[in-house]
Amino acid sequence: MDVVAAGTIIAALDGARWSVSSLPLGGGLIQTQHGLLPVPAPATAALLKDFQWRNDGVSGERITPTGAAILKHLISMPATQLPEGRLMSTGIGAGTREFEQLPNILRVLVFEAGTQAESMVVATINFDIDDMTGEEIQVAADRIRQVDGVIDVTTGQRTGKKGRVATSFRVLAQPDRLDEINRQIFTETSTIGLRWHLEQRACLFRKSDSMPQEEGILRVKEVKRPDGSLSRKIESDDVALHSGLEKRRALKAKAERNQE
């Protein structure tokens with residue numbers, strides 16, 4: 001029941017960004033099919049590697065393997081700072097186990113990001129290719145985009161040594177995933193060297209929306225500008241499913257207006 005309920009809520013909040021505060025460590029032993037095991041359970045500890053923990057002095061199993069799996073699914077990169085913004089809603093759920101020192105509850109806070117741009121640090125990876133075909137370049141770029149931690153991949157044309165046409169790659173990535181991403185770049189391309197640096201990135205909060213159509217659902221990204229105005233952009237893959245240039249243009253224009 002808890003897995004189904006969590007999955008239903010997560011699916012209904014498509015496009016939301018999730019964060020979690022430091023996790024309660026707990027303590028003591030729990031009875032399992034394999035006998036007595038220390039808290040947190042081995043499965044819980046393995047799933048929540050790299051998450052922040054705190055010891056509040058309250059013993060017992062504070063996080064179950066099921067809860068750990070849900071957190072790991074929602075949060076691939078544990079946040080070091082909780083989000084800021086306007087508090088929109090709160091929710092509280094109570095467990096059946098009783099603790100003497102504190103209530104056994106889980107609280108969820110829903111924030112709407114402010115209109116100011118959110119600043120973050122990203123890694124920019126650059127490299128050039130002059131000995132791969134266009135088809136190979138496309139496959140490599142698509143595979144790099146799928147690597148966990150990659151934010152965006154763009155390519156451009158340059159002229160290299162001896163007049164050879166070269167393709168320049170620019171990969172935006174989460175800094176803590178650099179090693180994994182660099183390995184994948186060396187695997188998928190012929191480059192033998194990478195350049196990377198850290199830089200600030202400002203982003204406006206994006207909200208996912210959808211438009212029901214006779215032919216299906218069109219997904220739309222909505223962004224609130226600092227002056228309060230809204231800009232909308234439709235998912236190109238959804239538009240591409242429709243036949244006819246004029247129909248695709250009409251759908252795009254309708255979706256990207258502030259009102260349907």
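Mentor: Start with charge: the protein has 33 positive and 34 negative side chains, and the centres of these two sets are 4 Å apart. Lys and Arg count as positive, Asp and Glu as negative, while His and the chain ends are left out; each charge is placed at NZ of Lys, CZ of Arg, CG of Asp or CD of Glu. Mind that this is a predicted model, where local features need pLDDT of at least 70 and side-chain atom pairs count only at pLDDT 80 or more, though totals for chains, interfaces and linings use all residues. Residues are numbered from 1 along each chain as its sequence is written, and side-chain values use heavy atoms, without hydrogens or water.

You've got seven helices and 13 strands, taken as DSSP runs numbered from the N terminus (helices: H or I, at least four residues; strands: E, at least two). The C-alpha trace spans about 75 × 50 × 35 Å along the principal axes. Of the 260 residues, 25% count as buried, meaning under 20% relative accessible area, with exposed being over 50% and partly exposed in between (1.4 Å probe, protein chains only).

Here's the part I'd zoom in on: T124, which is found in strand β7, residues 118-129. Is T124 buried or exposed? T124 counts as buried because its relative accessible area is 2%. Its side chain makes a polar contact of 2.3 Å with that of E199. The term covers a pair of N or O atoms within 3.5 Å; within protein, one must be able to donate a hydrogen and the other to accept it, and residues adjacent in sequence count only if both atoms are side-chain atoms. Beyond its neighbours within four places in sequence, T124 is in contact (heavy atoms within 4.5 Å) with R170, V171, L172, R195, W196, H197 and E199. Of those, R170, V171 and L172 fall in β9, which covers 165-173.

K162, in the loop between β8 (150-159) and β9, has a positive phi near 60°; K162 counts as exposed because its relative accessibility is 77%. D50 sits in the loop between α2 and β4 (53-54) and has a positive phi of about 80°. The peptide bond from V39 to P40 is cis, with omega near -5°, and P40 lies in the loop between β3 (35-38) and α2 (42-47).
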